[in-house]
Amino acid sequence: MIFNKYITVNEEGHLCIEGCDTTKLAKEYGTPLYVMSETTIRDNCRMFTKAFEGYSGGGMPLFASKSFICLEMCRIAAQEGLGLDVVSGGELFTAIKAGFPMDRVYFHGNNKTEQELKMALLNDVHCIVLDNIDELNMLSAIASAEGKKARVSFRIKPGVDAHTHEFIRTGQIDSKFGFALETGEAFEAVKTALSCDNIEIIGFHCHIGSQIFDTAPFELAAEKMLNFIHEVNSKFAIDVKVLNLGGGFAIKYTESDPDFIYDSFVKKILNKIERYCDENGMICPQVLIEPGRSITGAAGITLYTVGAVKNIPGIRNYVSIDGGMCDNPRYILYKADYTACVASKADKPKDFEATIAGRCCETGDLIQENTMIQQPNHGDILAVFSTGAYNFSMAMTYNRLPRPAVVMVNKGTSRVIVERQTYMQLIENDI
């Protein structure tokens, strides 16, 4: 299979992941079901960590928890030596409960609440990434009241267009995130922070978008950020040493997507940074990156049970499944591409054109349109690939459909890491 070397087909023609037959997983745990390959996740964590070897400034990958967060994923990231990028009080709370080291946590978000800032400060997260001047003022007041000093970095809009879907581009000036370079807003924010006794600036951050296959936008962003750091350090006589280039590394969703070698990708960006610093007499900064999708995306598949198969002659074939936009809203949001197969017929040719339809009462509740799969029948198990990022995280309970379970597989064994939501849990907060 094209997405993950641990996805195979057994002698019965069944789709397997890490040696576990997906039809048996579906029978044991029910569907819809998220299945995650632990070995893939750990391999990817180690690949990103290894990419920093030889870079003079040092660095660390921070797992972008918004892509897939639960207690077990936090534990794995901690064990593999990664830092953690969190963007809400809920993600931070999960990290705390998982025992994740707070000195490796970076707290992001474009509109943090006073409660969240206080929570981050009192739990000694390593760095709060500031998004706007109001947030800076609020954090300064909280830090003063609590008698603490807040370590911060600033999210900067470097003015780089990553050429991805407009909903996932974030580095251009017209973005809800961060401080703009072009308007001088970023310099003014630094100047304000330096006047605050309870604020310590440790770095600068940027994030240019998601599902990016090319190093060129990252290299351009790195150059612009290094220019900014050099100018800030010179103008204000400070010594900021951390550059966070964010994430956005692409994964393979379809056969037409290019293969992606992450460690070479990162090393190319680091080489660009070293050349820039050498040419400009700068000490190389510590570099942080925020891989999320690129760690968990291809590690996951989602299993569904096929219900009705409807043929509309001359128009299309609808293949209904017992999930849909509630467990994978990415298609209805931005027509995200996916590849699917019938798990019990994985060795057979894909000769059936299908529109995979979810069970929600919405016409747009689709997983994929006009995609090729094996001939499906009622009761078959359908597998959708590369669903390990932003699927579980974005799952919802529209139509009061319970969220699916998450099962982790590892070398032929399986275990539940998130239990399936029950009907009782759906109403537990109702009054």
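Q: Which residue in S17 is the bridge partner of Val319?
A: In S17, Ile356 is the bridge partner of Val319. This is a predicted model in which local features need pLDDT of at least 70 and side-chain atom pairs pLDDT 80 or more, while totals for chains, interfaces and linings use all residues. Residues are numbered from 1 along each chain as its sequence is written, and side-chain values use heavy atoms, without hydrogens and water.

Q: What makes strand S15 and S17 a pair?
A: Two strands pair if DSSP finds at least two bridges between them. S15 (residues 316-321) and S17 have three bridges, in the parallel sense, so they pair by that rule. Strands here are DSSP runs of E of at least two residues, and helices are runs of H or I of at least four, both numbered from the N terminus.

Q: In which sense do S17 and strand S18 pair, and over how many bridges?
A: S17 pairs with S18 (residues 366-373) in the antiparallel sense over five bridges. Gln368 in S18 is the bridge partner of Ile356, the residue that also partners Val319.

Q: Why is strand S17 called mostly covered?
A: Five of the six residues of S17 (352-357) are buried. Buried means under 20% relative accessible area, exposed over 50%, and partly exposed in between (1.4 Å probe, protein chains only).

Q: Why does Tyr262 count as buried?
A: Its relative accessibility is 9%, which is under the limit, so the term applies. Tyr262 lies in helix H9 (residues 262-279). Beyond four places in sequence, Tyr262 touches Met47, Phe48, Phe249, Ala250, Ile251 and Ser294; a contact means heavy atoms within 4.5 Å. Between the C-alpha atoms of Tyr262 and Ala250 there are 9.1 Å, with 12 residues separating the two in sequence.

Q: What makes strand S1 and strand S3 edge strands?
A: The open sheet of three strands has the order S1-S2-S3 with antiparallel pairing. S1 (7-9) and S3 (20-21) each pair on one side only. S2 (residues 15-17) is joined to S3 by two bridges, and Cys16 stands opposite Asp21 in S3.
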